[in-house]
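The sequence and structure come next.

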Amino acid sequence: MPHILKSYLKFYFLRSIEINSSLPKSEKALAKAYNNLAMVYEDISLMDIAVNCYLTSFKYKKIVNDTGAIGNTLMNIGVFYLRQSEMEKGREYFQKAIDFGTTMKDSVILAKSYNNMALYYKNRGEYEKALKYNFLALRIKELTKKTKSAISSYENIGNIYFAIKDFPKANEYYRKGLQLALSIKSEEDIASVYNKIGLVFYETDKLDSAEWYFNHALVGFENTNDERSLALLYNNLGNVYKDRGDNNKAKIFIERSLEIDRKHNNRSGMTASLSNLGLVYAKLKDYKNAERVLYESIALGYKINYLQGVKEACNIL
């Protein structure tokens, strides 16, 4: 989102809050304005202000008993904390969303909450629990015929199998997701699954196939202007070129990834990109810059408790 548009939206939402605060029975409008303002602040990396806006929005939604919005806000707060690597706070709000969805018998809230809880357990390395919640989400989506949502569940299940290095199973579920994405011609989902299948080929040392899928994903992400996904994809392409020995080309793509991660304050992404960049500098025999970015990766990894990233950077050093 362009900076000038973010500034305009921030002004608009603040003005909406100012006007509605002086009007009677304006809680629903205030809840919406605070939620929208939270997303703007999160996008410009003012995280403390963003979470306060989310919590204020939640307060107003409870006042007007807007059940669907309450569930979504609980999940938004949980996702916010997860992105900031505050894992237990994230889990707390995901469980609140699950409890709320169960009480209200709301299948949409439950499916989304199960997805989020699965992500929490995946990030903790508790893969059996992550699979359990992903399959719970998938079952709801299949019963309610939510095709687009089912794509994400197939992809999430593939991600778990990928994490435990069961690449045939990962590929199986990614391709189920791809089949659905192609059936509804969803460019963003097609790009996402292409990227994941590319990773399977990369991990099994089939670099030509990996590059083919990554490049097809690149077109989709550029068309949909999905910067966060582009950051991951640039890093993946950088790894392909690094493994081929084309380190100058690898450096270009990894630097693009790092630039986007810095822009969005994606600290785990920055940790990984810095580590990869350090390895490329080392291969180019630029040891001074290699040491600089690897120590930055380690410091950031410790700060956000991303110990796997710390380990990878230390191994390179």
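## Overall make-up

Helices here are DSSP runs of H or I with at least four residues, numbered from the N terminus. The model is predicted. By that assignment the protein has 16 helices and zero strands.

Of the 317 residues in the protein, 48% are buried. Among contacts between residues at least 6 apart in sequence, 48% link residues at least 24 apart.

## Packing of α7 and α8

Two packed helices are described by the angle between their axes and the distance between the axes. For helix α7 (residues 127–143) and helix α8 (residues 147–163), the angle is about 160 degrees and the axes are 9 Å apart. Angles over 145 degrees count as roughly antiparallel, so α7 and α8 are roughly antiparallel to each other. Their crossing is left-handed.

On the α7 side, the residues in contact include Tyr 127, Leu 131, Phe 135, Leu 138 and Lys 141. On the α8 side, they include Ala 150, Ser 153, Tyr 154, Ile 157 and Ile 160. The residues of this contact divide into twelve nonpolar, five polar and two charged.

## Ser 153

Ser 153 lies in helix α8. Is Ser 153 buried or exposed? Its relative accessibility is 0%, so Ser 153 counts as buried, the cut-off being under 20%.

Apart from neighbours within four places in sequence, Ser 153 touches Asn 115, Asn 134, Ala 137, Leu 138 and Lys 141. Among them, Asn 134, Ala 137, Leu 138 and Lys 141 belong to the α7 side of the helix contact.

Note on methods. Residues are numbered from 1 along each chain as its sequence is written. This is a predicted model: local features need pLDDT of at least 70, side-chain atom pairs count only at pLDDT 80 or more; totals for chains, interfaces and linings use all residues. Side-chain values use heavy atoms; hydrogens and water are left out. Axes are lines fitted to C-alpha atoms, for helices over the stretch in contact, and angles run from 0 to 180 degrees between N-to-C directions. Helices (H or I, at least four residues) and strands (E, at least two) are DSSP runs, numbered from the N terminus. Angles under 35 degrees count as roughly parallel, over 145 as roughly antiparallel, 65 to 115 as roughly perpendicular and the rest as oblique. A crossing is left-handed if the near helix is turned anticlockwise from the far one by less than a right angle, and right-handed if clockwise. Contact means heavy atoms within 4.5 Å. Ala, Val, Leu, Ile, Met, Phe, Trp, Tyr, Cys and Pro count as nonpolar, Asp, Glu, Lys and Arg as charged, and the others, Gly among them, as polar. Buried means under 20% relative accessible area, exposed over 50%, partly exposed in between (1.4 Å probe, protein chains only).
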